[in-house]
Amino acid sequence: MTQRRRPQIASRKQPQQARSTELVAAILQAAVQVLSEEGAARFTTARVAEKAGVSVGSIYQYFPNKASILFRLQVDEWEQTQKMLRGLLEDAATPHLERLRALVHAFLRSECEEAEIRVALNDAAPLYRDSPEARRARAEGDRMVDAFMLEVLPKASAASRDLAGEIVFTTLATVGSSFSRTRRTKAEIKAQADGMADMFCAYLRGLQDA
């Protein structure tokens, strides 16, 4: 049986001049708008070109197909998530559990605000889940979680900290994905985030006292 060829996901080239940088930014902004307004089913390079007000040929200068556009959006999303994690989890001036509470609220808001985009990115995930960028994003996320858990549970064993980190952050990611599938009000997001943060904080306090 002939193995199905995977589409190219890397960009053709990186913009070098201000004009080309602006063009790529316009393409990516248009891609986000198409995903947000029309969903993954209508996401094509032609629709992105129309929304950006450029030719399809202009897109193909930088992106060989729609999968490569989605991959670039995913890489940007990983970088934004890492920036959020770093800013909240590594804020030494804020008590540990307050950092976690702030992270839960920020994460759920982000999941709900970008739900349509995340559906499309999740659909395309098999194309890039083993890419170097994906591996680096996972490694950096694991590093930040491990460092945070060491601060929260300095007396616990490494195995206990690993389990606690997996329970908290896997639960947060899973619930966030499920919760954001339905359009939510700000009040609903706050209530959900408060409940999850209370649960996580109670769990970690129990481990601290053990």
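Axes are lines fitted to C-alpha atoms, for helices over the stretch in contact, and angles run from 0 to 180 degrees between N-to-C directions. Two packed helices are described by the angle between their axes and by the distance between those axes. These terms are used below for a predicted model.

The protein chain holds ten helices and zero strands. Read along the sequence, its pattern is α-α-α-α-α-α-α-α-α-α. Of the 210 residues in the chain, 39% are buried. Contacts in the chain were also sorted by sequence separation. Among those between residues at least 6 apart in sequence, 69% join residues at least 24 apart.

Confidence was examined next. The mean pLDDT of the protein chain is 87. A value of 70 or more is reached by 89% of the residues. Among the elements of the chain, helix α10 (residues 186-209) has the highest mean pLDDT, at 96. Helix α7 (residues 125-128) has the lowest, at 70.

The crossing of α8 past α9 is right-handed. On the α8 side, the contact is made by Val145, Asp146, Phe148, Met149 and Leu150. On the α9 side, Arg161, Asp162, Ala164, Gly165, Val168 and Phe169 take part. By class, the residues of this contact of α8 with α9 are seven nonpolar, one polar and three charged.

Helix α9 (residues 158-179) also packs with helix α5 (residues 96-113). Their axes come within 9 Å and cross at roughly 30°. Angles under 35 degrees count as roughly parallel, and α5 and α9 are therefore roughly parallel to each other. The passage of α5 by α9 is a right-handed crossing. From α5, the residues in contact are Leu100, Leu103, Val104, Phe107, Leu108, Glu111 and Cys112. They meet Val168, Phe169, Leu172, Ala173, Gly176, Ser177 and Phe179 of α9. The contact of α5 with α9 has eleven nonpolar residues, two polar residues and one charged residue.

His96, Leu97, Arg99 and Leu100 of α5 meet Phe148, Glu151 and Val152 of α8. This contact of α5 with α8 has four nonpolar, one polar and two charged residues.

Glutamate 151 lies in helix α8 (residues 132-152). Its relative accessible area is 36%, so glutamate 151 is partly exposed. The C-alpha atoms of glutamate 151 and alanine 92 are separated by 9.9 Å. These two residues are 59 residues apart along the chain.

Glutamate 77 lies in helix α4 (residues 66-89). Buried means under 20% relative accessible area. The value for glutamate 77 is 12%, so this residue is buried. Glutamate 77 and isoleucine 117 are 40 residues apart in sequence. In space, they are 10.0 Å apart, C-alpha to C-alpha.

Notes. Residues are numbered from 1 along each chain as its sequence is written. This is a predicted model: local features need pLDDT of at least 70, side-chain atom pairs count only at pLDDT 80 or more; totals for chains, interfaces and linings use all residues. Side-chain values use heavy atoms; hydrogens and water are left out. Helices (H or I, at least four residues) and strands (E, at least two) are DSSP runs, numbered from the N terminus. Angles under 35 degrees count as roughly parallel, over 145 as roughly antiparallel, 65 to 115 as roughly perpendicular and the rest as oblique. A crossing is left-handed if the near helix is turned anticlockwise from the far one by less than a right angle, and right-handed if clockwise. Contact means heavy atoms within 4.5 Å. Ala, Val, Leu, Ile, Met, Phe, Trp, Tyr, Cys and Pro count as nonpolar, Asp, Glu, Lys and Arg as charged, and the others, Gly among them, as polar. pLDDT is the predictor's confidence in each residue, from 0 to 100. Buried means under 20% relative accessible area, exposed over 50%, partly exposed in between (1.4 Å probe, protein chains only).
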